[in-house]
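Student: I would like to go through this structure step by step. Could we begin once it is on the page?

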Amino acid sequence: MKKIAVLTSGGDAPGMNAAVRAVVRKAIYEGLEVMGVYNGYQGLIEGKFEQLQLGSVGDIIQRGGTILRSARSAEFRTLEGREKAVQQLKLHGIEGLVVIGGDGSFRGALELTMLGIPCTCVPATIDNDINGTEFTIGFDTALNTVIDSIDKIRDTATSHERTFIVEVMGRDAGDLALWAGLAGGAETILLPEEKYEVPTIIERLKSGTGRGKKHSIIIVAEGVMPAAGLAELLKQEANIETHVSVLGHIQRGGSPSARDRVIASQYGARAVEILKEGRGGIAIGMKNHTIVDYDLQEVFEENSDWDLELYALSKELSI
Ligand code: ADP
C-alpha cells in the first residue's frame with residue numbers, strides 16, 4: 001500500500017485531532033502518502049480530499065473537535081453513494097482508509113471494506129459504547145468535564161441544602177453517567193442499561209434526609225428520561241423539590257485529556273500499521289491496558305460489555 005486516507009465521521013469527540021495527527025505522522029514515517037478527507041463520508045462521495053504533510057497536523061494535538069470536520073451522510077447509507085465514494089478513492093489512487101468515529105461510522109467502514117477498500121477503524125465517541133474496546137477516544141475528556149460540573153453543582157447543592165438532578169449524555173449507553181456518578185459521589189445514578197423504580201429513588205432520598213443528609217446529587221443519562229421529567233415525578237409523587245442541570249454539548253468539546261491524547265496516538269498509529277500490512281475490516285481498541293485489533297464484525301455482535309461490577313460498587317458506596 002502506498003497511499004491511504006483518513007476521515008472523521010459521526011458524533012465528534014475530543015481527541016479526534018490527536019488521532020488524525022497520529023495517522024498522518026505514522027503514515028509518513030512508514031513511507032506512505034496520506035490524504036485527509038473533509039466532512040466524513042459525505043466528503044468521500046464529493047471528493048473533498050487534501051494531501052496532508054507532517055506540518056498539516058502540527059499544533060492540533062491539544063485541540064478539541066476535528067480539523068477534518070465531521071458529518072452525517074444519508075447518501076453513504078445507499079449502495080449508490082458508497083460506489084461513488086469508491087470511485088473517488090480509486091480516482092485519487094487511495095488504497096486504504098482510516099475511519100475515526102463511532103459505531104455508525106464503523107458500519108460504513110465495513111460496507112466500504114466489502115466493496116474492496118480496506119478500512120481500519122479508530123473508536124472515538126464520548127459514549128464509550130463500542131463493543132470490543134474498553135475505552136474510546138473522548139470518553140475520558142467528557143468524563144472530566146462532567147466531574148468538573150458535578151463538583152461545582154455540589155458546592156451550591158451543599159450551600160443551599162438542595163437536591164440536584166444532573167442530566168448527562170448517553171442515549172443507549174450509561175458509561176458516562178456511571179463513571180461520572182462514581183467519581184462525583186452521586187447518591188443515585190440512572191442508566192439506560194439498568195431498570196429504575198421511582199419509589200426506590202424516593203426511598204433513597206428520604207433515607208438520606210433521615211440520616212441528616214442535607215443535599216443529594218442524582219445523575220441521569222439522557223436515554224433514561226429528561227432530568228426535568230424526573231424532577232416532575234419526584235415533585236408529584238413525594239413532594240420532593242429538586243433543581244435540574246442539563247450539561248448538554250459542553251460534554252463534547254474542550255481540549256482532550258492527556259489520556260485521550262495518548263490512546264488517540266496509539267490507536268491512530270496501529271490503524272496505519274494494519275493497513276500497511278494490507279489488512280482491512282479491522283477495529284482498533286484496548287483490552288487489559290493493551291492495544292488490540294480485531295475483526296470489525298465483532299463490534300456488531302450482541303454482547304454487552306456492561307460493567308456490572310462497577311455499577312454494583314457505585315450503589316454500595318452511595319448509601
Ligand atoms: P457515529 O459514528 O458517531 O455512531 P452515526 O451513527 O451518525 O455516527 O454514523 C456516521 C455515518 O456513518 C452516517 O452518517 C452514515 O454516513 C454512516 N453509516 C452509519 N451506518 C451505516 C450503515 N449501516 N451503512 C453505511 N453507512 C453507515
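**Domains and a helix**

Tutor: Arg252 and Asp12 are joined through their side chains by a salt bridge, 3.5 Å from N to O (a side-chain nitrogen of Lys or Arg within 4 Å of a carboxyl oxygen of Asp or Glu). The model is predicted, so local features need pLDDT of at least 70 and side-chain atom pairs pLDDT 80 or more, while totals for chains, interfaces and linings use all residues. Residues are numbered from 1 along each chain as its sequence is written, and side-chain values use heavy atoms, without hydrogens and water.

Student: How many salt bridges cross the interface of domain 1 and domain 2?

Tutor: Domain 1 covers 3–138 + 256–300 and domain 2 covers 141–253, with bounds from an automatic or database domain assignment. Across their interface, the number of salt bridges found by the rule is one.

Student: What area is buried between domain 1 and domain 2?

Tutor: Buried area is the accessible area (1.4 Å probe) that two parts lose on being put together, summed over both. Carbon and sulfur atoms give 54% of it here, and the total is about 950 Å².

Student: Within what arc do the buried residues of α3 fall?

Tutor: Helix α3 spans residues 79–91 (helices are DSSP runs of H or I, at least four residues, numbered from the N terminus). Its buried residues (under 20% relative accessible area, 1.4 Å probe, protein chains only) are Gly81, Arg82, Ala85, Val86, Gln88 and Leu89. They line one face of the helix, because the directions from the helix axis to the C-beta atoms fall within an arc of 160°.

Notes. Helices (H or I, at least four residues) and strands (E, at least two) are DSSP runs, numbered from the N terminus. The expected span of a helix is 1.5 Å times one less than its number of residues. Buried means under 20% relative accessible area, exposed over 50%, partly exposed in between (1.4 Å probe, protein chains only).
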